[in-house]
Amino acid sequence: MYVSNTVLENEPQLVRKLYDRSKSYKEVIDLTLGDPDIPTPDAVKAAAYKAIDQNKTKYTANAGLTELRKAISDDVYRRTGIRYSVDEIAVTAGAMGALYLTAVSILNPGDEMIILEPHWPNYTNMVKMCGGVPKYVSFIGDENMKELSANIEKAVSDKTRAIIINSPSNPTGVILPPDTLSEIAAIAEKYDLYVLTDEVYRTIVFDGSFKSILELPRMKERTLLIDSLSKRFSMTGFRVGFVCGPESIAKAVATLQENVNSCACMFAQLASKEALEHSEALEKEICETFKERCFAMTAELKKSKKLRLSDPVSTFYLFIDIKETGLSSEEFCYRLLDEKHIAVVPGNAFNKAGEGYIRIACTVGKEKLIASAKEIVAFADGL
Ligand code: PLP
């Protein structure tokens, strides 16, 4: 039977392909999806149980509970010094909900969104689902980083509506430096563009230093801040995210949400409020865990004669240059899975710029990571 062009144009995700194939093995170390094994903090779970007990199991306002939006406003203010009113915030089903509904709110068919690649693959599909056109600019390697702003400006056309940045980045873990942010802000001002800043990993920064483009002068009016509780508090299954931006966009997201999922889950919103009210201690512990894991895994992988990677600075992903093995990203990952039963993601899952790399998600305990790093090194060096 018939399916729409939207379905036909939706790129199947290589991340999921590797994940699905890994399930055909009984014993496998799965380092594919960005869904860590760290449990949701007890206080957050307790708030969810309590909310269910109190029958907080209904619809909420499309924009989310006012008390949660207040907590988000305080949290963003604490981190950035920028204050949003509750009317400038819409709570969504994860950052994915915020990204998609924001894209629908700003793109007309044929409008372009500039995406820095390698990138989280959902951006491409979301833009296409709105009838929009993704335009890519590579930011991998020193050369591309040096030319980044010039290349972004070259990609701007009279159809461009927005630039999306994801810093710290999935898959690379790169944090965009302050100068680059200023240059991107200047381009956005010059061509009157929105900047979507996806900051779902901003609290997983190992030396603690992170600046949002939102903090730059005059950027509040054109920044759409996308964030969620998923990675920050190990709450991926709660599906709570949000967008902060001009009231017109927050309203649009809330209005459109009615037609998709009405609102984020009520008891998950209440648990999210609890998480945000105790955020500093909770996120510090999670960040420390990832830091220890990423450094341990990196130290082991650096023993390879063929794998190249830098010291981790953020997120829980390692993006590793495998070009010296002579295999393509996909060949490397499929063979590693079939021969060593370790599942990682080919870099080209994050668009063309990722070819020649693999991504490892440090989502299991340190000992398991070290053991799998030893196997990966043996595999790579034995090729
Ligand atoms: N943005 C990026 C860059 C991600 O890597 C992910 C999930 O992996 C998301 C957004 C989605 O987050 P959420 O689970 O809150 O929808």
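**Stop 1: helices H5 and H6**

Select Met-96, Leu-99, Tyr-100 and Ala-103 in H5, which meet Asn-122, Met-126 and Val-127 in H6. Two residues are in contact if their C-beta atoms, placed from the backbone, lie within 7 Å. By class, the contact of H5 with H6 has six nonpolar residues, one polar and no charged. Ala, Val, Leu, Ile, Met, Phe, Trp, Tyr, Cys and Pro count as nonpolar, Asp, Glu, Lys and Arg as charged, and the others, Gly among them, as polar.

This is a predicted model: local features need pLDDT of at least 70, side-chain atom pairs count only at pLDDT 80 or more, and totals for chains, interfaces and linings use all residues. Residues are numbered from 1 along each chain as its sequence is written.

Now show the two helices whole. The axes of H5 and H6 (residues 122–129) come within 9 Å and cross at roughly 35 degrees. Axes are lines fitted to C-alpha atoms, for helices over the stretch in contact, and angles run from 0 to 180 degrees between N-to-C directions. The crossing of H5 and H6 is right-handed. A crossing is right-handed if the near helix is turned clockwise from the far one by less than a right angle, and left-handed if anticlockwise. Helices (H or I, at least four residues) and strands (E, at least two) are DSSP runs, numbered from the N terminus.

**Stop 2: the ligand**

Helix H5 (residues 94–106) gives the most to the shell around the ligand, with three residues. Of the 13 residues around the ligand, Gly-94, Ala-95, Met-96, Ser-228 and Ser-230 come nearest. A residue is near a molecule or strand if its C-beta atom, placed from the backbone, lies within 6 Å of it. Colour the shell by class: four of its residues are nonpolar, eight polar and one charged.

**Stop 3**

Select Glu-117, in strand E3. Is Glu-117 buried or exposed? Glu-117 counts as buried because it has 21 C-beta neighbours inside 10 Å. A residue is buried if 20 or more other C-beta atoms lie within 10 Å of its own, exposed if 12 or fewer, and partly exposed in between, with C-beta atoms placed from the backbone. Leaving out residues up to four places away in sequence, Glu-117 touches Tyr-136, Ser-138, Phe-350, Asn-351 and Ala-353.

Step on to Pro-118, in the loop between strand E3 (112–117) and H6. Glu-117 and Pro-118 are joined by a cis peptide bond with omega of about 5 degrees. For another cis peptide bond, go to Asn-170 and Pro-171, where omega is about 25 degrees. Pro-171 is found in the loop between strand E5 (160–165) and H9.

**Stop 4: positive phi**

Return to Asn-351, one of the residues that Glu-117 touches. Phi of Asn-351 is near 90 degrees, a positive value in a residue other than glycine. Asn-351 sits in the loop between strand E11 (345–346) and strand E12 (357–361). With 23 C-beta neighbours inside 10 Å, Asn-351 counts as buried.

Next select His-341, in the loop between helix H13 (329–340) and strand E10 (342–343). His-341 also has a positive phi, of about 60 degrees, although it is not a glycine. His-341 is partly exposed, with 16 other C-beta atoms within 10 Å.

**Stop 5: helices H3 and H11**

Select helix H3 (residues 42–53) and helix H11 (residues 266–277), which pack at an angle of about 145 degrees with their axes 8 Å apart. H3 passes H11 in a right-handed crossing. On the H3 side the contact is made by Ala-43, Val-44, Ala-47, Ala-48, Ala-51 and Ile-52, and on the H11 side by Phe-267, Ala-268, Leu-270, Ala-271, Glu-274 and Ala-275. By class, 11 residues of this contact are nonpolar, none is polar and one is charged.

**Stop 6: the whole chain**

Zoom out. The secondary structure comes to 14 helices and 12 strands. The C-alpha atoms fill a box of roughly 60 × 55 × 50 Å, taken along the principal axes. Buried residues make up 49% of the 383 residues. Among contacts between residues at least 6 apart in sequence, 73% join residues at least 24 apart.
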